[in-house]
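Please keep the sequence and the model in view while reading.

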Amino acid sequence: MSEQPKLATLDDSIISRLPSHSKALFAAKSRKKLTFADLAQLLGRSEVAVAAIFYGQATASPEDIRILAETLGFYEEMLEEDIGSSTFPDRGRAGPMPPVEPLIYRLYEIVQNYGYAYKAVINEKFGDGIMSAIAFSTTVDKEVDKDGVAWVNIKLRGKWLPFTRF
């Protein structure tokens with residue numbers, strides 16, 4: 001018998017910071033017992049991109065809206081109003097700074113501890129500039145080593161944007 005995957009749910013402490021549709025999307029996802037991986041496969045997008053739609057941090061395409069409406073039991077028109085191209089995502093305000101949720105804090109801590117090291121290595125390889133968080137993609141993978149220890153692999157892929165002289 002296969003074990004039912006645990007589902008990500010909406011953290012009550014940040015609901016007031018999120019768009020109103022987030023709660024309805026998460027509730028429907030839970031009712032249907034779908035993971036972000038399930039939805040990502042249906043949409044042909046990454047799990048992180050789908051989760052970003054749920055948190056109001058990304059816009060859904062018309063095809064995303066059609067599939068989500070059909071899969072989660074919403075009217076397409078309602079989803080278009082909430083997550084479609086006529087709305088603008090609200091990025092970066094879901095939680096407090098510094099973060100208090102332990103996993104998010106660890107990601108923040110990685111940048112605090114290694115940010116300048118990343119910057120130095122990236123500058124040596126690419127020159128003076130920044131990695132885009134707009135022309136960007138990311139994946140999260142699980143790796144289990146020979147001892148059975150689980151490891152998180154996070155890949156960040158951003159377009160290189162050299163600083164220009166002005």
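Apart from residues up to four places away in sequence, Asp64 touches Leu43, Arg45 and Ile53, where contact means heavy atoms within 4.5 Å. The model is predicted: local features need pLDDT of at least 70, side-chain atom pairs count only at pLDDT 80 or more, and totals for chains, interfaces and linings use all residues. Residues are numbered from 1 along each chain as its sequence is written, and side-chain values use heavy atoms, with hydrogens and water left out.

**The chain as a whole**

- The chain contains six helices and two strands; helices (H or I, at least four residues) and strands (E, at least two) are DSSP runs, numbered from the N terminus.
- Along the sequence these elements follow the pattern α-α-α-α-α-α-β-β.
- The C-alpha trace spans about 50 × 50 × 30 Å along its principal axes.
- Of the 166 residues in the chain, 24% are buried; buried means under 20% relative accessible area, exposed over 50%, and partly exposed in between (1.4 Å probe, protein chains only).
- Among contacts between residues at least 6 apart in sequence, 52% join residues at least 24 apart.

- Helix H4 covers residues 62–72 and includes Asp64.
- The buried residues of H4 are Asp64, Ile65, Ile67, Leu68, Ala69, Thr71 and Leu72.
- An α-helix has 3.6 residues a turn, so residues three or four places apart point the same way.
- The cover over the buried residues of H4 includes helix H1 (20–31), helix H2 (36–43), helix H3 (47–54) and helix H5 (76–83).
- After H4 comes Gly73, which has a positive phi near 85°.

- Asp64 counts as buried because its relative accessibility is 4%.
- The side chains of Asp64 and Arg45 are joined by a polar contact of 2.5 Å; such a contact is a pair of N or O atoms within 3.5 Å, and within protein one must be able to donate a hydrogen and the other to accept it, while residues adjacent in sequence count only if both atoms are side-chain atoms.
- Thr71, also in helix H4, counts as buried because its relative accessibility is 19%.
- A polar atom of the Thr71 side chain lies 2.7 Å from the backbone oxygen of Ile67.
- Neighbours within four places in sequence aside, Thr71 is in contact with Lys32, Leu34, Leu39 and Leu42.

**Helix H6**

- Helix H6 (residues 102–126) has a kink of about 65° centred on Tyr114; the bend at a residue is the angle between axes fitted to the seven residues ending there and the seven starting there.
- At the start of H6, a side-chain oxygen of Glu101 comes to within 2.8 Å of the backbone nitrogen of Leu103.
- Gly127 follows H6 and has a positive phi near 100°.

**Backbone features in the loops**

- Met97 and Pro98 are joined by a cis peptide bond, with omega about -5°.
- Pro98 is placed in the loop between H5 and H6.
- Lys33 is found in the loop between H1 and H2.
- The phi of Lys33 is near 55°, a positive value in a residue other than glycine.
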